[in-house]
Amino acid sequence: MLIKLTTNKSVSDTANALQTAVQANHFGVMQVHNLKDTMTKKGVEFTRECQIFEVCQPQQAKKVLDENMSVSTALPCRISIYEEDGKTVMATLKPTTLLAMFNTPQLAGVAQEVEDTIVKIMNEAAASD
């Protein structure tokens with residue numbers, strides 16, 4: 001259900017690399033949530049770095065939404081970057097698993113394409129320069 005990989009890069013460097021990889025693979029970054037900053041602004045002490053990227057490929061999203069608008073509750077795809085045990089981790093929920101929950105088997109191919117691209121994006125972002 002979860003795709004997770006680690007890198008020796010910092011959260012910040014990984015975030016920069018992810019931004020580049022997303023664009024290079026014809027996806028777009030819709031929003032970035034900096035969890036540490038948001039929690040601090042709300043008066044909650046939270047010291048761990050965590051950035052959550054909302055990414056989307058509009059043509060793929062349209063195919064899915066044209067078939068089943070309920071899937072909008074699972075869009076856009078999210079990739080989290082955070083610190084864990086001295087490493088930087090990137091993680092995302094598998095689009096194939098999420099889409100399977102909506103009982104639309106006709107969209108399995110679209111989900112697999114999106115998942116394959118997200119894995120490629122994450123691997124590119126994790127790779128050493």
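Let's start with E84. At 28% relative accessibility, E84 counts as partly exposed. That label covers the range between buried, under 20% relative accessible area, and exposed, over 50%, using a 1.4 Å probe and protein chains only. E84 sits in strand β4, which covers residues 77-84. Strands here are DSSP runs of E with at least two residues; helices are runs of H or I with at least four; both are numbered from the N terminus.

A word on the source. This is a predicted model, in which local features need pLDDT of at least 70, side-chain atom pairs count only at pLDDT 80 or more, and totals for chains, interfaces and linings use all residues. Residues are numbered from 1 along each chain as its sequence is written, and side-chain values use heavy atoms, leaving out hydrogens and water.

Back to E84. What does E84 touch, leaving aside residues up to four places away in sequence? The answer is K4, R48 and V89. Touching, or contact, means heavy atoms within 4.5 Å. With K4 there is also a polar contact, side chain to side chain, at 3.2 Å. A polar contact is a pair of N or O atoms within 3.5 Å; within protein, one must be able to donate a hydrogen and the other to accept it, and residues adjacent in sequence count only if both atoms are side-chain atoms. Now look at T6. T6 and E84 are 78 residues apart along the chain, yet their C-alpha atoms are separated by 9.1 Å.

Next, R48. Find R48 in the loop between α2 (35-41) and β3 (50-56). R48 is partly exposed, at 41% relative accessible area. From R48 to E84 is 36 residues in sequence, and 8.7 Å in space, C-alpha to C-alpha. Beyond residues up to four places away in sequence, R48 touches K36, Y82, E83 and E84. A polar atom of the R48 side chain lies 2.5 Å from the backbone oxygen of E83.

Now the loop between α1 (11-24) and β2 (28-34), where we find N25. Is N25 buried or exposed? N25 is buried, with a relative accessible area of 11%. Setting aside residues up to four places away in sequence, N25 touches T117, K120, I121 and E124. H26 lies in that loop between α1 and β2 too. H26, at 62% relative accessibility, counts as exposed.

On to backbone angles. Most residues other than glycine have a negative phi, and most peptide bonds are trans. H26 is not a glycine, but has a positive phi of about 65 degrees. D85 is not a glycine either, and has a positive phi of about 55 degrees. D85 lies in the loop between β4 and β5 (87-93). D85 is exposed, at 77% relative accessible area. Then there is the peptide bond from L75 to P76: cis, with omega near -5 degrees. P76 is in the loop between α3 (58-67) and β4.

Finally, the whole chain. How many helices and strands does the protein chain have? Five helices and five strands. Their order along the sequence is β-α-β-α-β-α-β-β-α-α. The radius of gyration is 15 Å, close to the 14 Å that the globule rule gives for 129 residues, so the chain is as compact as a globular protein of that length. That radius is taken over C-alpha atoms, and the rule is 2.2 Å times the number of residues to the power 0.38. Of the 129 residues, 39% count as buried.
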